[in-house]
Amino acid sequence: MHFQWYPGHMTKAKRMMQEDIKLIDLVIELVDARIPMSSRNPDIDELGKNKARLILLNKSDLAEDRQNDAWAAYFKEKGYSVVKVNSKKGGGIKSIHAVIQEACKEKIERDRKRGILNRPVRAMVVGIPNVGKSTFINALAGKACAKTGNKPGVTKGKQWIRLNKNVELLDTPGILWPKFEDQTVGLRLAFIGSIKDEILNTEELAAEMIQFMKKYYRGVLAEKYAIIESDDPYQCLADIAKSRHCLLRGNELDMGKAAILLVDDFRSGRLGRITLEFPEDYK
Ligand code: G4P
């Protein structure tokens, strides 16, 4: 498989983020709970050094909860604050305010010692495309969000959302690009739909998905599609096509349609809660 990306966008996004990061105290980094490592760009550690850090395992509703907890422990051990969230349904959102205060307690204490009281923490949301940044900002800010407008001394054009008296959020999230120096990362991003399907062969992707499922979630495909999980992933795909009546003219199996069906079933959670990478592989 071959993946391509656009360095022009990358450079511009990075430059914008470097500017925005100067204005904030806390980086709220969204990752996809199904692939917490592959959906990160480690550049953020350099960009966000000296800032308080919060990692949100977003779309936690689509990942296995036991693994969500394992990932939360993994990142906590590395010094990040972590919250599992489902931005779409609002799960975990309420607990974030307390975690923000905790993550920024050193800054708040520093302010207090200097006699600065009640200065709100300033935060920005960052993450790769489609990880749920806009959904999260809407969920956190809710309807009550009041834009504070331009502030004197702050780069013109920046909009801040005042979440409460303690926290202000930059209204535009920072876009990070996934880093795919290895093929596995690209493949996992393709599984969750972060890479445009047009640049990949869907049948090949489905075959990879089948291999993964047979290895880590044995029996799930057999039950869902009433098939036998044979060794040959293309045979499995053909069986899915048969079982789901994906047919071309003349009763030939429509492997392409079966592939789309399988990948869609995974992405929408219809195969169940599935985690694609595991913390023990990153120890
Ligand atoms: P972005 O700003 O980072 O690019 O992402 P955005 O908020 O646009 O979200 C991308 C997709 O992910 C959206 O789906 C959104 O609904 C979904 N999403 C965000 N957070 C969660 C979550 O915690 N759980 C689940 N299951 N989905 C989440 P979409 O298909 O593009 O739109 P829609 O059909 O949901 O409206």
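Colleague: Why does Cys236 count as buried?

Modeller: In this predicted model, Cys236 has a relative accessibility of 1%. Buried means under 20% relative accessible area, so Cys236 counts as buried.

Colleague: What makes Cys104 buried?

Modeller: The relative accessible area of Cys104 is 2%. That value is also set against the cut-off of under 20%, and therefore Cys104 is buried.

Colleague: How do you know that Cys236 is in no disulfide?

Modeller: The nearest cysteine sulfur belongs to Cys246 and is 14 Å away. A disulfide needs two cysteine sulfur atoms within 2.5 Å, so Cys236 is in no disulfide. The structure as a whole holds zero disulfides.

Colleague: Which residues of helix 8 and helix 11 make the contact?

Modeller: Helix 8 contributes Thr202, Glu203, Leu205, Ala206, Met209 and Ile210. From helix 11 come residues including Met255, Gly256, Ala259, Phe266 and Arg267. By class, the contact has 10 nonpolar, two polar and two charged residues.

Colleague: How many helices and strands does the protein chain have?

Modeller: The protein chain has 11 helices and eight strands. Of its 283 residues, 48% are buried.

How values were computed. Residues are numbered from 1 along each chain as its sequence is written. This is a predicted model: local features need pLDDT of at least 70, side-chain atom pairs count only at pLDDT 80 or more; totals for chains, interfaces and linings use all residues. Side-chain values use heavy atoms; hydrogens and water are left out. Contact means heavy atoms within 4.5 Å. Helices (H or I, at least four residues) and strands (E, at least two) are DSSP runs, numbered from the N terminus. Ala, Val, Leu, Ile, Met, Phe, Trp, Tyr, Cys and Pro count as nonpolar, Asp, Glu, Lys and Arg as charged, and the others, Gly among them, as polar. Buried means under 20% relative accessible area, exposed over 50%, partly exposed in between (1.4 Å probe, protein chains only).
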